[in-house]
Amino acid sequence: MSFSKRMSRIKPSGIRAVQKRIAGKSDMISFAAGLPDPALYPLEDLRKAADTMLEKEGATAFAYGLTKGYGPLLDYLTDRMNNREHVECTKENICILSGSQQGLGLAAMTFLDEGDVVITENPSYLGAINAFRPYGAEFVGVDTDDDGIVIEDLERALEENPKTKMIYVIPNFQNPTGKAWTLERRERFMEVVAKYDVAVVEDNPYGDLRFKGEPLPHLRALDKKGQVIYLGSFSKILSPGMRVAWTCASKEVATAFESLKETNDLQSPELTQMLTYYYLKMFDLEKHIEEIQVVYKERCELMVEMIQKYFPAEIKYTDPEGGMFLWLELPEGLDSDAILDDALAAGIAYIPGESFFSFDGVKNTIRMNFTMVKDDQIRDGIRILGDVFRKHIG
Ligand SMILES: Cc1ncc(COP(=O)(O)O)c(C=O)c1O
C-alpha cells in the first residue's frame, strides 16, 4: 500500500510529543496545554438545554441535516455576525463547520495548489501550518511586533512572492504568542492585501476571550473586496468537544466550503449544533463569556506577576490582553527544547516554540498556557521554571 505524496508532508506535532512525555504524571505542573478549562464549561445549563432539546426535537436531533448547517443556528450566527461582530452579512455568507480546524482544511483545499505560497505570521498556529502543508504549499513567515503583523515585511513578502494565494492570520490573542493587532495595523493590513489577488483567512477562536482593552474590528469588517474568510468557533467559549464553528466569507467561498464539506463530513453533527442553539436560546452566552474572562484574566495577570518576580531579567515575555497563551523569548543561543528535559525533571512542562514556525524554528522560544493552571500551580511552577532558566543562562 503506498500513501499519497501528501502524507509524506505531514510532520509529527511538537505539542503531542510533549503531551506524550507528561501523560499520566499527575503531579506535573503543565503550562503545555492548549485547552479551555473544563471547569468553566456551563455543564448544568447544557444539561437543561439538552433536556429541552430532546423533549422538543425527539428523533430529529439524531437525524441527518443540511451540509450548510442547522437552520436556526445559521440564523443566530447571521444575526451575531451583523449585530455583535459588526460584520455585514446574510445567511448566504455563513457555513457551519466542525471546528474552525475544518475551515483551515477547507481553505487549503479551496485555494492551494502545489508550489503556491501561504504567508503566515511568524510564528503561527501549528494546526494551521499542518493543515496547509499536505497541499504542497510553500510558507513565507512575516514577523509581528507588539502592534501586530509588520506591514513593511508583509509588503515585501507579497512583492517577492507572486505565487502567494493565501494569507493566514490570527489578529486576536494569537496562538502561540498571545499578541493582538492594533486598529491601525488591521487597517493598513487590509489596504495592502486589497492590492493583491489573495485570500485572507482570519482565524478568530480567541476574540471573545478579551479580558482587557476594547474589542477591535475584524478584518472581515474592514474588507471591501470580499477577500477575508472569517473563522469563528464556540470551542473556547462553550465547549471544544461539541465541534461547532462557522465561517463568514464571500458567497462564493461559503458555497465552495459547503461543497467541499459535503465530501468531507456531510455535515457537522446535528446533535451538537442543535444543543448549541438551544443553549444560546435559553441562556446568556455573553454572561458566561464574562465569567470565563474574569478567571483567565486573574490567571494571566498572576503568571505575568510571577514571571516578573522569578524569571531572569533577560527573558522577554508577552503580556496578553486576552486568549490563552503567553510567549517567552530566552536569550539567543538557548534551546528551549533541550532545557525542557531539566524542566520536566523539575516537574514543569511547556511547549518549545520551535514547532510554531513554518520553517527553521527559532529555538529560544516557548509557549505558555495560563488557562489550565490553578493559582498555586502558577506560583510554584513559574518559580521553579525561573530556577531552571537561571541555571542555563548562567
Ligand atoms: C488559532 C487556532 N485556530 C483554530 C483552532 C481550532 O479550533 P476549533 O476547536 O474551533 O477547531 C485552534 C485550537 O486551539 C487555534 O488555536
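Reader: In which loop is H86 found?

Author: This is a predicted model, in which local features need pLDDT of at least 70, side-chain atom pairs count only at pLDDT 80 or more, and totals for chains, interfaces and linings use all residues. Residues are numbered from 1 along each chain as its sequence is written, and side-chain values use heavy atoms, with hydrogens and water left out. Helices (H or I, at least four residues) and strands (E, at least two) are DSSP runs, numbered from the N terminus. On that numbering, H86 is found in the loop between α4 and β2.

Reader: Is H86 buried or exposed?

Author: Phi of H86 is near 55°, a positive value in a residue other than glycine. Most residues other than glycine have a negative phi. Buried means under 20% relative accessible area, exposed over 50% and partly exposed in between (1.4 Å probe, protein chains only). The relative accessible area of H86 is 59%, so this residue is exposed.

Reader: What is the relative accessibility of F173?

Author: F173 also has a positive phi, near 50°. Its place is in the loop between β6 and α8 (183-193). F173 counts as buried because its relative accessibility is 0%.

Reader: What is omega of the cis peptide bond from N175 to P176?

Author: P176 lies in the loop between β6 and α8. Most peptide bonds are trans. The bond from N175 to P176 is cis, with omega near 25°.

Reader: Which are the edge strands of the sheet?

Author: The open sheet has 8 strands in the order β2-β9-β8-β7-β6-β3-β4-β5, with mixed pairing. Two strands pair if DSSP finds at least two bridges between them. The strands that pair on one side only are β2 (94-97) and β5 (148-149).

Reader: Which residue of β7 stands opposite I167?

Author: Strand β6 (residues 164-169) and strand β7 (residues 199-203) pair in the parallel sense over 4 bridges. Opposite I167 stands V200.

Reader: What angle does α7 make with β4?

Author: Axes are lines fitted to C-alpha atoms, for helices over the stretch in contact (heavy atoms within 4.5 Å). Angles run from 0 to 180 degrees between N-to-C directions. Helix α7 (residues 151-160) lies across β3, β4, β5 and β6, and its angle to β4 is about 165°.

Reader: How is α4 oriented to α10, and in which hand do they cross?

Author: P72, L73 and Y76 in α4 meet Q273, T276, Y277 and L280 in α10. The two helices pack at about 55°, with their axes 9 Å apart. Angles under 35 degrees count as roughly parallel, over 145 as roughly antiparallel, 65 to 115 as roughly perpendicular and the rest as oblique, so α4 and α10 are oblique. A crossing is left-handed if the near helix is turned anticlockwise from the far one by less than a right angle, and right-handed if clockwise; that of α4 and α10 is left-handed.

Reader: In which hand does α11 pass α13?

Author: α11 and helix α13 (residues 375-393) pack at about 30°, with their axes 9 Å apart, and α11 is therefore roughly parallel to α13. The contact includes M303 and M306 of α11, and I378 and I382 of α13. The crossing is right-handed.

Reader: How far does α13 reach from its first C-alpha to its last?

Author: I378, I382 and L385 are among the buried residues of α13. The expected span of a helix is 1.5 Å times one less than its number of residues. α13 has 19 residues, and its reach, close to the expected 27 Å, is 27 Å.
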